[in-house]
Amino acid sequence: MNGSQRGLLITLEGGEGAGKTTAAGHIRAWLEDRGRTVVSSREPGGTPIAEQIRSILLDPESKDMGPITELLLMFAARSDNLDQLIRPNLEAGFDVLCDRFTDASRAYQGAGRELGLGPVDLLAQVVHSDVTPDLTLLLDVPVELGMERVGKRGVAPNRFELAKHDFFERIRQGYLAQAKSEPDRFVVIDATQPLEVVEKAIEQALETRLGKKL
Ligand SMILES: Nc1ncnc2c1ncn2[C@@H]1O[C@H](COP(=O)(O)OP(=O)(O)OP(=O)(O)O)[C@@H](O)[C@H]1O
Ligand SMILES: [Mg+2]
């Protein structure tokens, strides 16, 4: 039970169309079945201010945005998400499930936009030196498969989805490198598998990594 204990922060990561949002629903249900209260968020976004920043970031009209501006806007949105949603809920003993977090900046701005990890880690230190995810699930799929899944949604592509293949390949490799460097926090899930198999792998990761903390 949650009681007076701090809640758990669980983050979902992966490239476009990996299945993060689909997995979030399953994780939420798994935690609720165990009597936990779960608050969901997403990045960029999650709060009214951060959702406004999200609109700027995803708008194809923002095509001239430079990588540092992009990184700073990501962290501005993240800072609001932390202030208004993540910290208060964790402190109240609720679990927070976040669809992308700082590892997405490491992958997208650090690796994808080739800023390197230095500026990302520096901002992470400024914005949330007190908050680290308890568990990060990385849903890994080849770029083409993710794009194929996104394409089937039939929604106009956002500014990120309009980028070239190399950008997404750097993101995938950036995520995998990050997972390798922090094996205690990350679990990499092969998300090319059928949904039921992915869900089983996620349940196993939750049980193994969080079972004792629940
Ligand atoms: N394991 C799977 N096998 C087949 N299709 C899947 C699988 N997981 C998710 N999908 C489908 O792929 C599409 C993309 O999934 P989802 O929206 O969860 O991905 P996402 O990682 O949140 O994408 P985005 O990066 O755009 O937010 C959805 O239509 C979903 O139903
Ligand atoms: Mg999604």
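Me: What should I know before I start?

Reply: Residues are numbered from 1 along each chain as its sequence is written, and chains are lettered from A and ligands numbered from 1 in the order in which they are written. As the model is predicted, local features need pLDDT of at least 70 and side-chain atom pairs count only at pLDDT 80 or more, while totals for chains, interfaces and linings use all residues.

Me: In what order do the five strands form the open sheet?

Reply: Strands of a sheet pair through backbone hydrogen bonds, either parallel or antiparallel. Here the order is β2-β3-β1-β4-β5, with parallel pairing. Strands are DSSP runs of E, at least two residues, and helices runs of H or I, at least four, numbered from the N terminus; two strands pair if DSSP finds at least two bridges between them. β2 (38-42) and β5 (186-190) are the edge strands, each pairing on one side only.

Me: Over how many bridges do β1 and β4 pair?

Reply: Four, between residues 9-13 and 135-140. E13 stands opposite L138 in β4.

Me: Which strands does α7 lie across?

Reply: Helix α7 (residues 165-181) lies across β1, β4 and β5, at about 145° to β4. Such angles run from 0 to 180 degrees between N-to-C directions, with axes fitted to C-alpha atoms, for helices over the stretch in contact; contact means C-beta atoms, placed from the backbone, within 7 Å.

Note on methods:
Contact = placed C-beta atoms within 7 Å.
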